[in-house]
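Hi everyone, thanks for coming.

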Amino acid sequence: MSTDPSVPPAGNEPAPLDPIPVPPAPPGDELARPEVDKVRFTRAAALWSAVIAGFLVLVILLIFIAQNTVSTQFAFLGWRWDLPLGVAILGAAVGGGLITALAGMVRIIQLRRAAKKNYKAALR
């Protein structure tokens, strides 16, 4: 048995199969032919990417907190307390994120109510 394509098959040996050439799509006609080799973007892939990014951020935050353990005095509206600097900055960041999420949630509720109102008006 020969694997050299230039040697013709001898006897009962099957001829090697040549791949069927696929002509390239004309310019501007990218949608005419489905792409077989293209990897599709899925929500699961986005979720895994977000989980990995979240773990990386968590590791960076833990390193930041571990390196900033000096206790510092804080004062707010007459209250005074001592807290490690890294924990205080992390707490401020989490508080800011929660305020941002709350504002976004209120806006989403407003938009949903407006969309529902417009949908009901369109059905009349």
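Let me start with a term: accessible areas here come from the Shrake-Rupley method with a 1.4 Å probe, and for residues only the protein chains shown count as cover. On that basis, the accessible surface of the chain comes to about 11700 Å², and carbon and sulfur atoms hold 68% of that.

Before we go on, please keep in mind that this is a predicted model, where local features need pLDDT of at least 70, side-chain atom pairs count only at pLDDT 80 or more, and totals for chains, interfaces and linings use all residues. Residues are numbered from 1 along each chain as its sequence is written, and side-chain values use heavy atoms, with hydrogens and water left out.

As for pLDDT, that is the predictor's confidence in each residue, from 0 to 100. The chain has a mean of 80, and 70% of its residues reach 70 or more.

What is the pattern along the sequence? It reads α-β-β-α, with two helices and two strands in the chain. Helices (H or I, at least four residues) and strands (E, at least two) are DSSP runs, numbered from the N terminus.

Now, buried or exposed? Buried means under 20% relative accessible area, exposed over 50%, and partly exposed in between, again with a 1.4 Å probe and protein chains only. Of the 124 residues, 2% count as buried. Strand β2 (residues 79-84) lies largely in the open, because zero of its six residues are buried.

Let's stay with the strands. β1 and β2 run antiparallel and are joined by six bridges; two strands pair if DSSP finds at least two bridges between them. Phe76 stands opposite Trp79 in β2. Two residues lie between the strands of this hairpin, where Leu77 takes a positive phi near 50°.

Trp81 also sits in β2, and it counts as partly exposed because its relative accessibility is 34%. Leaving aside neighbours within four places in sequence, Trp81 is in contact (heavy atoms within 4.5 Å) with Thr72, Gln73, Phe74 and Phe76.

Finally, over to helix α1 (residues 43-67), which is the place of Trp48. Why does Trp48 count as exposed? Because its relative accessible area is 59%.

That's my tour, thank you!
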